[in-house]
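Have the viewer open as you read, and take the points in order.

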Amino acid sequence: MFKRLNYHWRQVFSGLGFILFSLGGGLLVVTAFPLIRLVYRRPERRIAATRTVIHNTFRVFVYYLHALRILSFEMRNIEVLAACDGVIVVSNHTTLIDVVVIMSLLPNAQCVVKHQLWNSMFLGGVVRAAGYVRNDEDAEVLIANCLKGIKAGGNLIIFPEGTRTLPGEVRKYQRGFANIAIQADVDIQCLVLSCRPLMLWKGSRWHQVPDTRSHYIIEVVDRVKIDEFRHIESQAMAARRVTEHTQRLITERLANA
């Protein structure tokens, strides 16, 4: 009986979490963000303030998931994220809330978002106000926008697999993040994420929760130093080596997790 009640508890409050997340985004657009526009005239100050609001809002949302026992969380070496300033954060990608958890811990976070979100009723105003980058931009424009954000001190989050993957599934990392790191001359901070039992995987619905509470682990691992690849004359070859090295670091750590 207790297990069944626990299952339905998590199912109901997972659904409520989706509703609160969407409504919260709409509420920020009509309350906090207009106030930020009034207070800060310079665009870069407005974007920074907007990202701070999002960062703290996501912290509250993660607390909601933990306090209502939808998930338990384990965070390792996360003090490294708090000190990040103008780096690229790269991670594997397994659940829908990965970006939310990372942004709750990472200050001044920028990310590349699906173009469908740009005109979303609830979240479109959020991603536009925060200065995020559309994923359907021309490749040169997309990279230029990412570089601009990093040079302004933003921390760029990228999931190089391109989509959510299942545990054990291997996808070749896309090289975009490596090209950006080389052009911007910034390091790459690697993260490893896991969620067991898995929930909110690609294609799942909000009501598909596991029989027991999921345990979510975010671990800050190695940092890839771009200086170590400066001796490679060809940027294309350097990007390939950076991509291979980063994928190896993350996949090996996942295998030992």
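Predicted model: local features only at pLDDT ≥ 70, side-chain atom pairs only at ≥ 80, totals over all residues.

1. Seven strands make it up, and it is open, with mixed pairing; reading across, the order is E1-E7-E6-E2-E5-E3-E4. The edges belong to E1 (71-76) and E4 (133-134), which have a single partner strand each, so one side of each has no neighbour in the sheet.

2. Next, look at what packs on the sheet. Helix H3, residues 43-67, touches E1 and E3 (109-113), and its direction makes about 125 degrees with that of E1. Helix H5, residues 98-105, lies across E1, E2 (88-91), E3, E5 (155-158), E6 and E7, and runs at about 60 degrees to E7.

3. E7 deserves a stop of its own. With E6 (residues 188-196), E7 (residues 214-224) pairs in the antiparallel sense, over eight bridges. Two places to check are Cys195, which stands opposite Tyr216, and Ser194, whose bridge partner is Ile217. With E1, the pairing is parallel and runs over six bridges; there, Leu71 has Ser214 as its bridge partner in E7.

4. Is E7 buried or open to the outside? Eight of its eleven residues are buried, so E7 is largely enclosed by the rest of the structure.

5. Now over to E3. E3 pairs with E5 in the parallel sense over three bridges, and Gln110 stands opposite Leu156 in E5. E3 also pairs with E4, again in the parallel sense, over two bridges; here Val112 stands opposite Val133 in E4. Four of the five residues of E3 are buried, so this strand is largely enclosed by the rest of the structure.

6. Finally, follow the chain to the loop between E3 and helix H6 (124-129), where you'll find Met121. Is Met121 buried or exposed? Its relative accessibility is 72%, and the cut-off for exposed is over 50%, so Met121 counts as exposed. Met121 is also part of a nonpolar surface patch of about 580 Å², made together with Leu16, Ile19, Leu20, Leu23 and Phe122.

Conventions
Residues numbered from 1 in each chain as written. Heavy atoms only, no water. Pairing = 2+ DSSP bridges. Contact = heavy atoms within 4.5 Å. Axes fitted to C-alpha atoms, helices over the stretch in contact; angles between N-to-C directions. Buried < 20%, exposed > 50% of the residue type's maximum accessible area, 1.4 Å probe, protein only. Patch = residues over 30% accessible without salt bridge, like charges linked within 9 Å, V, L, I, M, F, W, Y side chains within 5 Å. Areas by Shrake-Rupley, 256 points an atom, 1.4 Å probe, with all protein chains shown as cover. Salt bridge = Lys/Arg side-chain N within 4 Å of Asp/Glu carboxyl O.
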